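Subject: Structure handover

Hello,

Here is the structure for you to look through. My notes follow below it.

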Amino acid sequence: MDVTEWAGVYREGRQLYTRNAVPGRPVHDEELRRADGLEYRAWDPFRSKLAAYLLHAAPPGLWNGCRSVLYLGGAHGTTASHLAEALPEATVYVVEKSPTSFAPLLRLSRDRPSLVPILADAQLPERYAADVGRVDFLYQDVAQRQQAAIFVENARACLARSGRGLLMLKVRSVTQRQPAPVILRSARSTLTSARLAVLHESGLAPFSQEHVAISIRG
Amino acid sequence: MTGPSEPLPPRREIVTTWFGAFLVEEGRLVQAERAPLDPAALAERIDLRRAGRLVPEEERILERLGGLAAATSDRRLVPHGVTLDPRARGELPGAEAEPPVELHRAALRSAAVRALDAAWDPSIHIEEAIRAQEDLDRVQNLVAERLTSWAGRDPPDAPEGTPTPRSPVDPALLEGRAALERLAGEIRSTHDRLAAAIEETLPRRAPNLSALLGPDLAARLLARAGGIARLSRLPAGTIQVLGAERAFFEHLRGRAPPPRHGLLFLHPRIQSAPRSERGKLARALAGKAAIAARLDASGAPLHPDLRTAFDARATQVRSQRLARRPPSNRR
């Protein structure tokens, strides 16, 4: 098992792993692997856009040293669980608005004390901002038309000074009517006009189609 | 002078954290309202914030502020006369001691359990049952068709005494067919069980729709609309043609007359009416169904007038026809 340039992430060949926080139990049906007396969980880039982004040469040390993370659009918690394992010292606040998706997320958080689930709408950050406080890392993966605006609003309400962030832009959730480059350009301008500096950008093919990861610094 | 990357902080800022509300003036803490540090009190405050309301500590700050201008990064305070300011960073000056984070996590977690509990909609099970029933309808048709076709392939009876040149059918295949027949029976009985379960529970979950339309038709409308919440948002005109989408869109293209009814045709009152009256009755029924759906979506109990009103309209339609028609020797 080799270390990578991202804290808490390990790799063997092209496959990424994180340390399993609950040894013996996978989160869905991913591979568990023992190495040097420790257990690791395979991080599937087809299921998790964050893993896909890492494989697309994400900036080294993307989240190194972060003490708190706000994760918007947690869904069933697949990606959030890996992120929590990569940053065992950090509190990961996971916001999800659908009760159907929230139930498995809540179950997951029972065994992982650093994972804190919040049933709320990411469009209304004022409803959870006081609980989250200022975070070092903001991650967003929601299927909303106003994705960039939601990201900006959450950065304003919850991102610490010069904190980092990652927006997984679902291009087709914004509109079906415009070509991807136009959508991307308008998202980028929404971010920069809110004083968020775009550090790095990457498509996620072949793992996810029509998604672009945008890495920022506040 | 501060550069553009470090704008001056606002003069007076209200900061809310999970452990209290604070007033910061020119970089100094001037008022601290701390929340009691026990799980129940913290959870109560989490619930207030989730509902977009103020916590008691914020109210105390606002009270003492007495209308003086202040900034915040929290939109909940905006309706109470505080300005939303991007320069407000929601940070406390100096080393403000933070209570144990485990306490906060525990409170958040129990709030999450309660929130999920409150958001859980038991009627989702009825909707799943209705859809399961529709799935079974499709599968049942497929399997029945295959069985009919397969049964027709049995070898014709051989004439007496003549040796058959045919090789016999492999018994394993016939056993397979028997298994498929058993499955068809199983599908039918499961379908009936689901229907019985829906018929039993729907009058409790959607009393008005069930009373007006009968549980079976009510269930079909609900499935078609995608649940009670969605059905309650449809206009009566849409409910009238639910299930007749194809005819409706042919009509929109100018190729067909408008459909009188879709699923509502299943209602005995409409089915038994003469053709010329079905449109009127379907329109009246759709109107009452729309009201019933809205009552049920809001959790209202059974409203007896809906059924009576529809029956009255049905009688009226009928008497108009009888009045119009000259007395004939046929009746």
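One term first: a residue is called buried when its relative accessible area is under 20%, with a 1.4 Å probe and protein chains only. By that cut-off, 57% of the 218 residues of chain A are buried. Please keep in mind that this is a predicted model.

Chain A on its own

Chain A has 12 strands and seven helices. Its C-alpha trace spans about 50 × 35 × 35 Å along the principal axes. The radius of gyration is 16 Å for chain A, which agrees with the value near 17 Å that a compact globule of 218 residues would have. I also looked at sequence separation. Take the contacts in chain A between residues at least 6 apart in sequence: 57% of them join residues at least 24 apart.

The interface of chain A and chain B

On the chain A side, 33 residues are in contact with chain B; on the chain B side, 31 residues are in contact with chain A. The buried area between the two chains is about 2700 Å². Carbon and sulfur atoms give 50% of that area.

The polar side of the interface comes next. There are 16 residue pairs in polar contact across it, both residues being at pLDDT 80 or more. The rule also finds five salt bridges between chain A and chain B. One salt bridge joins B:Arg49 to A:Asp131, with the closest N and O atoms 2.8 Å apart.

Which elements of chain A give two or more residues to the side that touches chain B? Three are helices: H3 (99-111), H4 (129-132) and H5 (147-158). The others are strands: S7 (91-96), S8 (115-119) and S10 (159-170). By class, this side of chain A has 20 nonpolar residues, nine charged and four polar.

A closer look at B:Asp74

B:Asp74 lies in a loop of chain B, between strand S4 (71-72) and strand S5 (83-84). Is B:Asp74 buried or exposed? B:Asp74 counts as buried, because its relative accessibility is 7% and the cut-off is under 20%.

What does B:Asp74 touch, leaving out residues up to four places away in sequence? In chain A, B:Asp74 touches A:Glu126 and A:Ala130. In chain B, B:Asp74 touches B:Leu84. The side chain of B:Asp74 also makes a polar contact of 3.0 Å with the side chain of B:Arg76.

Best wishes

Notes:
Residues numbered from 1 in each chain as written. Chains lettered and ligands numbered in written order. Predicted model: local features only at pLDDT ≥ 70, side-chain atom pairs only at ≥ 80, totals over all residues. Heavy atoms only, no water. Contact = heavy atoms within 4.5 Å. Buried area = accessible area lost by both parts, 1.4 Å probe. Salt bridge = Lys/Arg side-chain N within 4 Å of Asp/Glu carboxyl O. Polar contact = N/O pair within 3.5 Å; in protein donor to acceptor, adjacent residues only side chain to side chain. Helix = DSSP H or I, 4+ residues; strand = E, 2+ residues; numbered from the N terminus. Nonpolar A, V, L, I, M, F, W, Y, C, P; charged D, E, K, R; others polar. Rg over C-alpha atoms; globule rule 2.2 N^0.38 Å. Buried < 20%, exposed > 50% of the residue type's maximum accessible area, 1.4 Å probe, protein only.
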